[in-house]
Amino acid sequence: MRYMTTLIGRLLLGAAVSYASLLAVTAHAAAPGITGPSFDLTAAPGYISQPDGTSIYSWGYGCNTAPSGFAPAAIAGASCPDGVMQLPGPTLIVNQGDTVTVTLHNNLPAAAGNTSILFPGFELQPFAIGNGIPGLLTREAAPGGSVTYTFTATTPGTHTYYSGTQGDLQIEMGLYGAIIVRPTAVPAGCRAVSATLPNGQPDFRLAAAAYNHSSACYDREYLFQFSEIDPAIHSQAEAQAGLACALATGCMTVVTEPYLAAYYLVNGRSMPDLMDPNYAVQYPHQPYNGNPHMHPGELTLLRVIGTGRWQHPFHEHGNHVRVLARDGNLLLTPPSASNPAGGNLAGPLLFTTTTTPGQTLDGIFQWTGKGLNWDIYGHTAGHTAPCVPDANGYYTADPMAPNYYEWCADHEKALESKPFGQVGSGGPVTLPDPNILANGAWYGGSPYLGPEATARAVGSTPIPPSGTVGNDPTQEAGFAYMWHSHNEREITTNNAFPGGMMMMMLVDPQAFTINEAN
Ligand SMILES: [Cu+2]
């Protein structure tokens, strides 16, 4: 939403004290998780924290014993401590074709009764006699007991897993997580995962492509799981957690309707906590963040999962999102008269990637600055940077160039013909569309990207005043966009704005190394 983007920009600039810590963070998101194909999980209680200082009694999946590994390998300091619940549960990363085994230990209070996991989209192998207890939807683990699920990861993409027992209570309490299945092949035109991207910076991708399709290549990826919390449900469960109980269905009487959410989470955290690093020590039960960064031109894969009860209209400012797949199913055209082979991408271009409970969505986001009608790099007379358009109109000859992926049609187009404030005598040539270009905490005080951005903005009347935030462009000075729920109720934390389902996406100059390893 446009006015909200402006508002949050002003809030962030104005509230220097409360947001000072945000300006210093250089932590990013990626799609961190644990690798398989065998996983030993616990379901256990714990307390998550929210930005208003609240601790909320929750249930979550965690590692029962140490995982075989962590991904992406470029993230240092990853952890999944034995027996510690987390929210969301560990992201399970496997390869297409793997035989995946997940053993679940029920360490919830006896009063919660049995618990289980569903793996929608995958066909479980038959259960051996004695493996778990038959439940309504799947085999369950009794309190203190365990159950093992086995399935083949047949289809690549983004999937979800969650409790199949008393879902209105157990999913609300936090028993959910994500599964990422890496495709088997490197499709034509996609780069294999290596130590570095073409620009020489670290490669944090989990795979060369999201699916076995050359249109599913990407340069960078983020996973966002949307959920909400009704604290009244959690406090009822907490109050009854100590009840003696020997029933499979538990002994709690928790009223889950009417449903009154007060906390709106992305990856288990709310704004501004979600901008802190992955695995930050202050969130021992919420290891995953939501802090997307990208360079101009990069194809950014968004893995979006709806959990909980409500739809959440997730709006990615800066461009639309091209949907690749839903529920791990790549959306392709069928054969037709004009294209007998079929197989072209068929997903819509969405302004808002609305989440649906239980559904996953993969989409590609790209920011280039095309359409602004002025030179985002501030090239002026006498500059030496070339902009020779490729077949698509972008400068892509040199991935190491400061203006790599510049939209050449706007090369050397001035933002203003006269200094700011003198609109009557010329003024800005083109006012930026705030839906395309926004400002925010990292905004370098210059309307230009690039290592010389601040210097270019210095003048008698720079726009906006240079040094407003005072960041060194090679450190952190890009274009900031709010990515948030378009339901305004959901960008609050316990009724206070700003909070909830809100993050800031940063388009960083090529000179800035995007290091997602915390
Ligand atoms: Cu918006």
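This is a predicted model: local features need pLDDT of at least 70, side-chain atom pairs count only at pLDDT 80 or more; totals for chains, interfaces and linings use all residues.

Me: Why is N114 called buried?

Reply: Buried means under 20% relative accessible area, exposed means over 50%, and partly exposed lies in between (1.4 Å probe, protein chains only). N114 has 2% relative accessibility, and therefore counts as buried. This residue is found in the loop between β6 (99-106) and β7 (133-134). Such elements are DSSP runs numbered from the N terminus: helices are H or I of at least four residues, and strands are E of at least two.

Me: What does N114 touch, and which side chain does the side chain of N114 meet in a polar contact?

Reply: Leaving aside residues up to four places away in sequence, N114 touches several residues, including N106, I133, T165, Q170 and A248. E140 is also touched by N114, and the two side chains make a polar contact at 3.1 Å. A polar contact is a pair of N or O atoms within 3.5 Å; within protein, one must be able to donate a hydrogen and the other to accept it, and residues adjacent in sequence count only if both atoms are side-chain atoms.

Me: What makes the backbone at Q166 and N267 worth noting?

Reply: Most residues other than glycine have a negative phi, and most peptide bonds are trans. Phi of Q166 is near 45°, a positive value in a residue other than glycine. Phi of N267 is near 55°, again positive in a residue other than glycine. Q166 lies in the loop between β10 (157-162) and α3 (167-173), and counts as partly exposed because its relative accessibility is 32%. N267 lies in the loop between β13 and β14 (293-294), and its relative accessible area of 1% makes N267 buried.

Me: Which residues are joined by cis peptide bonds?

Reply: L87 and P88 are joined by a cis peptide bond, with omega about -10°. P88 is in the loop between β4 (69-71) and β5 (92-95). E257 and P258 are also joined by a cis peptide bond, with omega about -5°. P258 is in the loop between α4 (231-240) and β13 (263-266).

Me: Why is the pair of F224 and F314 described as edge-to-face?

Reply: Rings of Phe, Tyr and Trp (its six-membered ring) pair if their centres lie within 6.5 Å; planes under 30 degrees apart count as stacked, over 60 as edge-to-face and the rest as tilted. By this rule the count comes to 20 aromatic pairs. The rings of F224 and F314 have centres 5.7 Å apart and planes at 75°, so the pair is edge-to-face. The pair links distant parts of the chain, with F224 in strand β12 (residues 220-229) and F314 in strand β16 (residues 312-316), 90 residues apart. F224 is buried at a relative accessible area of 0%, and F314 is buried at 1%.

Me: How do you know that C190 and C217 form a disulfide?

Reply: A disulfide is a pair of cysteine sulfur atoms within 2.5 Å. C190 and C217 have an S to S distance of 2.0 Å, and a disulfide joins them. The torsion about their S-S bond is about -80°, so this disulfide is left-handed. The structure holds 4 disulfides. Another joins C245 to C251, with S to S 2.1 Å; with 80° about the S-S bond, that link is right-handed.

Conventions: Residues are numbered from 1 along each chain as its sequence is written. Side-chain values use heavy atoms; hydrogens and water are left out. Contact means heavy atoms within 4.5 Å.
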